[in-house]
Amino acid sequence: MRKLLRMLEKDEKSLSIGRLCAVMAFLLFAGISIYLAILGRVWGNYEAFSVACVVYMLAQLGNKFVEMRGVKIGGNKDGC
């Protein structure tokens, strides 16, 4: 459990809100998808919901890539 929480940390003292929200978006997407599949129901807004969740998760991955790239190029920990 500690390893999972450490993955969500921005630094040693705080959690990254973006990473936390991306994980929550995935869990919400998976939960609603499984719920609808098990009950055999249809939700009219499911396509918009699923696209929004996937785009948000991809945006967070892109943000993480840019942050890591900035750290490597800048040569310091701040990325500036």
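**Exercise 1. Decide whether F49 is buried or exposed, then work out which rings it pairs with.**

*Solution.* Start with the accessibility: F49 has a relative value of 15%, so it counts as buried, because the cut-off for buried is under 20%. Keep in mind as you go that this is a predicted model.

Next, look for ring partners. Two rings pair if their centres lie within 6.5 Å, and by this rule there are two aromatic pairs. Take W43 with F49: the ring centres sit 5.4 Å apart and the planes meet at 50°, so this pair is tilted. Now take Y46 with F49: here the centres are 6.4 Å apart and the planes are at 45°, so this pair is tilted too.

**Exercise 2. Explain how Y46 and F49 are placed along helix α3, and say how accessible Y46 and W43 are.**

*Solution.* First, count along the helix: Y46 and F49 are three residues apart in α3, which means about one helical turn lies between them.

Then check the cover. Y46 comes out at 26% relative accessibility, so it counts as partly exposed. W43, at 36%, is partly exposed as well. F49, on the other hand, is buried at 15%.

**Exercise 3. Stay in helix α3 and describe S50 and A52.**

*Solution.* Begin with S50, which sits in α3, the helix running over residues 46-74. Its relative accessible area is 13%, so S50 is buried. What does the side chain of S50 reach? It gets to the backbone oxygen of E47, at 3.0 Å.

Move on to A52, another residue of α3. With a relative accessible area of 45%, A52 is partly exposed. Finally, compare positions in sequence and space: A52 and F29 are 23 residues apart along the chain, and their C-alpha atoms are separated by 9.6 Å.

**Exercise 4. Find L8, and list what it touches beyond its sequence neighbours.**

*Solution.* Locate it first: L8 belongs to the loop between α1 and α2. Its relative accessible area is 14%, so L8 is buried.

Now set aside neighbours within four places in sequence. What's left in contact with L8 is L15, S16, R19, L20 and V23.

**Exercise 5. Check the length of α2 against what's expected, and name its buried residues.**

*Solution.* Helix α2 has 23 residues. From first C-alpha to last it spans 32 Å, close to the 33 Å expected at 1.5 Å a residue. The buried residues in α2 are G18, A22, A25, S33 and L36. Just past the end of α2, G40 takes a positive phi of about 70°.

**Exercise 6. Zoom out: sum up the fold, the surface and the confidence.**

*Solution.* Fold: the chain has three helices and zero strands, in the order α-α-α from the N terminus. Of the contacts with a separation of 6 or more, 35% come from residues 24 or more positions apart.

Surface: the accessible area is about 6800 Å², with 67% of it belonging to carbon and sulfur atoms. Buried residues make up 15% of the 80 in the chain.

Confidence: the average pLDDT is 80, and 82% of the residues score at least 70. Helix α1 (residues 2-7) has the lowest mean, 72, while α2 (residues 17-39) has the highest, 89.

Methods:
Residues are numbered from 1 along each chain as its sequence is written. Side-chain values use heavy atoms; hydrogens and water are left out. Helices (H or I, at least four residues) and strands (E, at least two) are DSSP runs, numbered from the N terminus. Buried means under 20% relative accessible area, exposed over 50%, partly exposed in between (1.4 Å probe, protein chains only). A polar contact is a pair of N or O atoms within 3.5 Å; within protein, one must be able to donate a hydrogen and the other to accept it, and residues adjacent in sequence count only if both atoms are side-chain atoms. Contact means heavy atoms within 4.5 Å. Accessible areas come from the Shrake-Rupley method with a 1.4 Å probe; for residues, only the protein chains shown count as cover. pLDDT is the predictor's confidence in each residue, from 0 to 100. The expected span of a helix is 1.5 Å times one less than its number of residues. Rings of Phe, Tyr and Trp (its six-membered ring) pair if their centres lie within 6.5 Å; planes under 30 degrees apart count as stacked, over 60 as edge-to-face and the rest as tilted.
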